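Here is a short report on side-chain packing, ring contacts and backbone angles. The sequence and the model come first.

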Amino acid sequence: MRQRLITFRDGQQVCPLGQGTYQMGRRRTEEIQALRRGIDLGLTLIDTAEMYGTEDLVGEAVRDCRDKAYIVSKVLPGNASYEGTKRACERSLRQLGTEHIDLYLLHWIGHYPFSETVRALVELQHEGKILSWGMSNLDISDMEHILSLPHGKDCTANQVLYNLKDRGMEYDLLPWSETCNIPVMAYTPLGEGRLRNHKALAEVARRHNATPTQIMLSWVMRNPNVIAIPKAGSIAHVEENARSLDISLTEEDLMEIDKAFPAPTRKIPLAGW
C-alpha cells in the first residue's frame, strides 16, 4: 500500500485512512478483531466519542498495541464547559483504559463559550491527558474564532461530514483548512453506504479492478489534507477499505465522478450534527 501520510500541526503523522466506530458494539468480538486487523494494516487512527458508547470497545481493541494506535475521542457540547470538559476527558480515559487520548475534539457547537472549552483542552494537554486537540463540525467563521483564542492556533484538526453527496466543504472550508495547515477528518465518507450502486462508481471501479467502496474512499483521500474514517465492523470490510490506499484515480475518473456528483458552486452550510 502507498505510504502517504497526513501530518498534523504538532508533527504527528497518520495514515489518511482511519477507522470509525459510530454505531459499533452490536458484534463486539468481530468488531474488535476488525479494529486490530486495521491497525496491522496501518490504519492506526481510531475515532470514537463519549456519545458513541464505543470507548471501552476501542480500549479493549488497542490494549496490546496501544503504542501503535492513534485514538481520537470527543466531548459532547453539553459537557463542554471548562469543568465539564475536564470531567468528560477523565471519564473517557477510564473508558478507554489509557493514560492519554491522542486527539480530543469538541463534538459540535453547544451553548458554552469556545473560550471555556479551549481553556480546558489546553490545560488537559499541559497535563498530558491529551496530546492534541481540535474541533468537529465547525465551519470557517467558527474555526477562525477558535484560532483567535489564546493557544487557539494549536487546534490540530476539524472533523466534518464529507462524501460524494456532501461536498459543501470543498467550496471554502477545505481550501481554508489547507492554508491554515489544519487536516480535515471526513466522517461518513461512504455516505452510509447509499452510493455503492451508482452506475458511475461501478464503471470507475471496473477500470481499477476495485469496488465502489474503494473508489469512494480513494476519492475522499485524493486531497492531501483529508483523512477518511469509515466504519468497518468485520475483518473483510476493513481489508476492503485498506485496499483503497492502492488506488490512484485518473483525471478521467475524477471527471466522471464530478459529472455524477457535482462539486459545489456556492457556499453551502455544513451538514452533520
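## Helix 9 and its cover

Strand 3, helix 1 and helix 8 are among the elements that cover the buried residues of helix 9. Helix 9 spans residues 235–242. Its buried residues are Val238, Glu240, Asn241 and Ala242. All of this comes from a predicted model.

## Helix 7 against helix 8

Helix 8 also packs with helix 7. Helix 7 covers residues 199–207, and helix 8 covers residues 212–220. Their axes lie 8 Å apart, at an angle of about 90 degrees. Helix 7 is therefore roughly perpendicular to helix 8, because angles of 65 to 115 degrees fall in that class.

The contact residues can be listed from each side. Helix 7 brings Leu201, Ala202, Val204 and Ala205. Helix 8 meets them with Pro212, Ile215 and Met216.

## Nonpolar cores

In soluble globular proteins, nonpolar side chains tend to be buried together. Here the largest nonpolar core holds 73 residues. Which of them touch the most other members? They are Val62, Tyr104, Trp133, Met135, Ile146 and Ile215.

A second, separate core has 14 residues. Phe8, Leu45, Leu103 and Ile227 are among them.

Isoleucine 146, in the largest core, has contacts that can be named. Leaving out residues up to four places away in sequence, isoleucine 146 touches Phe114, Val118, Trp133, Met135, Leu138, Gly152 and Cys155. Trp133 and Met135 are themselves on the list of residues that touch the most other core members.

## Aromatic rings

The structure holds three aromatic pairs. One joins phenylalanine 8 and tyrosine 70. Their ring centres are 5.6 Å apart and their planes are at 15 degrees, so the pair is stacked; the cut-off for stacking is under 30 degrees. The pair links distant parts of the chain, 62 residues apart. Phenylalanine 8 sits in the loop between strand 1 (6–7) and strand 2 (13–14), while tyrosine 70 belongs to strand 5 (residues 70–75). Both residues are buried.

Two arginines lie over ring faces. Arginine 119 lies over tyrosine 82, at 3.8 Å from the ring centre. Arginine 222 lies over tryptophan 219, at 4.0 Å from the ring centre.

## Positive phi in two loops

Most residues other than glycine have a negative phi. Glutamine 23 has a positive value, near 70 degrees. Glutamine 23 is in the loop between strand 3 (19–20) and helix 1 (28–40). Its relative accessibility is 41%, so glutamine 23 counts as partly exposed.

Asparagine 137 also has a positive phi, of about 65 degrees. Its loop runs between strand 7 (130–136) and helix 5 (140–148). Is asparagine 137 buried or exposed? Asparagine 137 is buried, because its relative accessible area is 10% and the cut-off is under 20%.

## Asparagine 225

Asparagine 225 occupies the loop between helix 8 and strand 10 (226–228). At 9% relative accessibility, asparagine 225 counts as buried.

Which residues does asparagine 225 touch, not counting those up to four places away in sequence? They are Ile6, Ser177, Glu178, Ile182, Pro183 and Val184. Asparagine 225 and threonine 7 are 218 residues apart in sequence. Their C-alpha atoms are 8.4 Å apart in space.

Technical notes
Residues numbered from 1 in each chain as written. Predicted model: local features only at pLDDT ≥ 70, side-chain atom pairs only at ≥ 80, totals over all residues. Heavy atoms only, no water. Core = buried A, V, L, I, M, F, W, Y, C linked by side-chain atoms within 4.5 Å. Buried < 20%, exposed > 50% of the residue type's maximum accessible area, 1.4 Å probe, protein only. Contact = heavy atoms within 4.5 Å. Phe/Tyr/Trp six-rings, centres within 6.5 Å; stacked < 30°, edge-to-face > 60°. Helix = DSSP H or I, 4+ residues; strand = E, 2+ residues; numbered from the N terminus. Lys NZ or Arg CZ within 6 Å of the ring centre and 35° of its normal. Axes fitted to C-alpha atoms, helices over the stretch in contact; angles between N-to-C directions. Parallel < 35°, antiparallel > 145°, perpendicular 65-115°, else oblique.
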